[in-house]
Each structure stands twice: as structure tokens, then as C-alpha cells.
Amino acid sequence: MEPVASPQSIALLKESIMHLDHPLQEKSNYVFVILGASGDLAKKKIYPTLWFLYRDGLLPPKTTFVGYARSNLTVDDIRSRAIQYMQVKKDQEQLVDEFFKLNYYVSGTYENSDDFGKLNEQLDKLEKSSSSNRLFYLALPPTVFSIVTKNLKLTCMAPKGWTRVIIEKPFGRDSETSAELSRHLSSLFKEEEIYRIDHYLGKEMVQNLMALRFGNRIFGPIWNRDNIASIMISFKEPFGTQGRGGYFDNFGGSKPTYAGKVLVPVKDEQKVQVKKVVKSIAPKTVKGPPVKLPPRTDVPTIIVHSLKEESSQIFQNPETSICPEDIGVKVLNCRPVVGQRVLIRTETQEMAKTLQTVINENVELKTVCEAREPKGRTPQILVYDIRTTGQNREEEEAAFLGKIRQSNSLPQGEMKVLFTKKGRGEYEHWVISFDPQIFGCIKDEKRLHCAFGSYNFREFVEPLHCYNCHRFGHVKKNCGEKVELCCRCTGVYYYKTCQKTSILCRNCRECNKRNNTKLRVDHTAISEKCPLFIREMGQLYNRKNHPALP
């Protein structure tokens, strides 16, 4: 029966493809090579599946298919063998013709590297010297895995693009041959270039076993050895080996399941795999291990701030007075920030000190601006539920800070309200920075006294996070983005208008592209579970700038 694929499900699949860590490039060529194209697996599974993907528009526009086997065949021969398994409807005959026009066939042995050279020539003709990605599917017996992968590495790697190798089970006859195969593959390809699959575990029956075993509250608690006497697994096929006898002679044919107990003919390998599914223990989590990001390196930085209320053109463009190349300084980034300041990042700390000295000693610049190193992070607290009066903001903040200093007998030092967070109704939560000496006097107190009342508070250790572009390092009022970005996906719109069904963190996706990492992206850009947020928090706690930080 043909798999049911509703327009909604196909649309969701297309949307998920766009959210891959490495999205498909429409201008690039993609070549799918089936090694063992004359075999049983190719005609029953691989070619029908490629047809389904092509029919539903789930393949890149420039995709071609190349079959390779020892048999002297043509594309028409491949079509006649596979068409009965492709479930083509009458109104799809023209579309299936177009599908097979994209198919090619090369005949050759698996041991001779010259034959793989002919395969590579065919691939070069299809790619026409442009960027192309190659995927090789080894629908072959394991006895030729080693020689075939060696020939692929020597002659058929993609010159402009990626190469992937898919290996179909079984992976050797036992643990020793499996380990030997793994060592061989790792000597030829990177781990991300290798895919090991068992198509049998993707069958509906096995997938249903997983749901029945782990997603059913009735069977879950009793699915154990204390309540199950025996298990019988029966695989019924309406056909025989049909030319596959040599394969089963080497890697297991029809043998009894649980010898001496239940006599059910199954293939050994499939029996073992499905038995593992039936007997498996529910995992604590279905998520993989967290990816540990390397600490964010602190880029050498200086801040140039204005000495006058109206900064001159020289201050706005310091390069008009100083040429970094002339003083041996490599500037990585230069951008204006809030408060009439310019932030300049250099390649090394020595370059930053050199640039700072030159700016402060320059005749034209020293009268309008001053360069300094960034100040260390000051202690901050979050004071809850402050009722605002609607007066002048600066006067209200100054009065509140004055009451705090007097009521808690705090020493002299800088106190400043950095920003506020919205609370319930007319209440707000204030983030206040303190001089380290002042913070040392209140950090162990349970409440912050203020005149005839007191407030609940805690130390505020959170990275600067913009709720406009959702990047770290600045807040919304200082953001350079003119349009608010969605925190649920990569869209350029307010998150409440987002209609995407899947969540995608824009920050983690950018990090994966930039650093070739594999961070999880199935969370929002403002989630506290975001790996980048966790890293930023770790950076803050590692800065021991005041007594409260461990």
C-alpha cells in the first residue's frame, strides 16, 4: 500500500529541511549514487524511495541519480525491474518519465579502480565543473565494503562539495569484523561523512513496538521479565530468497528463533535487532548528550568616550587621524555604542594598549575623546516589586538609592539603576549595580531595607540579552536592528505573529554555521536551556570581580 503523505505533512517536511544545520543549496548539484543498483534492495527499496521523494518535491532541484553494478544493464532495465514496487498512479506516468530521465547507469566491477574511474568521469559530466555534492549508497554485500570504500576514496570524492557514504547493514559477521570495518572506514572518511543504517528497523512494525513499549502507560510498568513468560517474533514473507542465497550463506539464513523453544524461521540479523527493541529498557532521556561549547574568548577591546557633549567628526571617525596599519595595529571591529562611545576590538592585547596610547597622545583626538580599557563587571542585584510613582524617573531613582544607602548604613560608593523589568500591575523590578565594597555589606542580608519598608532581592547574574535581535552583549534600547526579530524561528517579525510549527533558535543556528558546531536548535532564542545562554552564564560566574562570585 502506498504511504499516505498529506499535503500538510509534506509542507512540514519541506519546512524542516529549511531548518537543517546545513540548508540545501539550490544552485549546487546533488548526485545520488546507488552502488549495487542491480540488486534486490535497490529495486525494492532504494529506487521506490527516491521516486517518492522526487514525486513529493522533497529533493533539491539539481539532483541526479547514478546506478553502478557489475551487471550489463541500462536505465530502461532498471526501470522495468523497479517499476512494480514504485506504485505509480496513472496521472503520474509523465512525472515518472521525468524521474528516469535524471537516472544514469555505469557498469563496472567493485575491485578494479579503473572502473571507478569511469564512474567518476560520468559524475564529472553531470556536474559540469560546478559545485556538487556526492552521496554513495552501498547496497552491497559486506564482503566488498572495504575495497569499494577504498576505491571511492581514491577516485570518486567530490572536488567541490561534500561527500557522504551510506553503509547498509550488516556491519560484519561478529564484533571483531565489525570493529575491523569501523577502523577501515575511519581511516578513509571523517565520522560526519559516514552513515550506518538498518532499513529494517525503520519498518512500521518495529516503530510501533517502540510506541507500544515506551509510550503506553498500561504496558510500561509490566513490560519486564517478571510478567512476560516468553516472546515469539514471526516474520512472514510471501517470497523466497530469490537470488539472495549467497548472501544468506555468509550472513545468516533461515534459522530458528530461540532454538529449542519456538521454531519460527527468521533472518538472524533481523531477529537480533528486533529482539533488542522488544527487550530494551526505557532510556532516561531521548536527547543526546549536551554539546559543550568552548569558552568564549575575550577579544582585546578599548572604549573611546567623548570628553564633550557634542562629539566632533574626528571622534566619530578616529581613522581620519590615525591609520592602524602605520602603528602595527589590526582592528577587528569598530562600532559606536550608547553614551557617545566607540568600541574598538583588536587582534592582540598589545595592539589594544598601543592604540589606546596613540589615541590619548594624539594632538587632535586627546582634546575631544579619551581611550580606556573596559571596566570590569560590577556587582548587581535585582530588587523585586518596587512601586513607581510616575514622577521624574531620574529623581525617583535618586531618592530610592538615597533611602537604601541611609537605611542600610552603606559606605560611600557608586550605586546606579541599570534597567528595569516589568512586574505585576504598577510594580517593577529594578536591576541596580553597586560598588564591590557596598555589595559586600548587603550580599548576606535577606531583605533590603528602605525607610519604613524592605524589599526582597537577589544577586543578578545574567548576561546582557537583547529582546529585539536576541543576541548577547547589549540590550534592546542599544540594538542596531530596526525590526524586531522572532525568537521562535529565523523570521523578521514579532514572535506573536509567527506561524511556524517548529521552534528554531537563531543564535545556535548561526553558531553552527560559523563554527561548524552541532548545537541543538530545538528551543527559542530566549530559552535558559540555550547552550549559548549557558555559556554566557558560565563566563559571568568565572569572572571573580567581587566577593559574591565563587
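This is a predicted model: local features need pLDDT of at least 70, side-chain atom pairs count only at pLDDT 80 or more; totals for chains, interfaces and linings use all residues.
Residues are numbered from 1 along each chain as its sequence is written, and side-chain values use heavy atoms, with hydrogens and water left out.

Let me start with the whole chain. The secondary structure comes to 16 helices and 17 strands, where helices (H or I, at least four residues) and strands (E, at least two) are DSSP runs numbered from the N terminus. Of the 550 residues, 39% count as buried, and buried here means under 20% relative accessible area, with exposed being over 50% and partly exposed in between (1.4 Å probe, protein chains only). If we take the contacts with a separation of 6 or more, residues 24 or more positions apart account for 66% of them, a contact being heavy atoms within 4.5 Å.

Val148 touches Leu35, Tyr110, Phe116, Leu138 and Leu140, leaving aside residues up to four places away in sequence.

Next comes the helix pair. Helix H6 (residues 145–155) and helix H7 (residues 175–188) pack at an angle of about 5°, with their axes 10 Å apart; the axes are lines fitted to C-alpha atoms, for helices over the stretch in contact, and the angles run from 0 to 180 degrees between N-to-C directions. H6 and H7 are therefore roughly parallel, a label given to angles under 35 degrees. On the H6 side the contact involves Phe145, Ser146, Thr149, Lys150 and Lys153, and on the H7 side Leu181, His184, Leu185 and Leu188.

I will finish with two residues. Gln356, in helix H12 (residues 349–361), counts as buried because its relative accessibility is 19%, and Gln356 touches Ile302, Ala371, Arg372 and Glu373, again leaving aside residues up to four places away in sequence. Glu510, in helix H15 (residues 506–515), is partly exposed, with a relative accessible area of 30%, and Glu510 lies 10.0 Å from Val521, C-alpha to C-alpha, the two being eleven residues apart in sequence.

Conventions
Angles under 35 degrees count as roughly parallel, over 145 as roughly antiparallel, 65 to 115 as roughly perpendicular and the rest as oblique.
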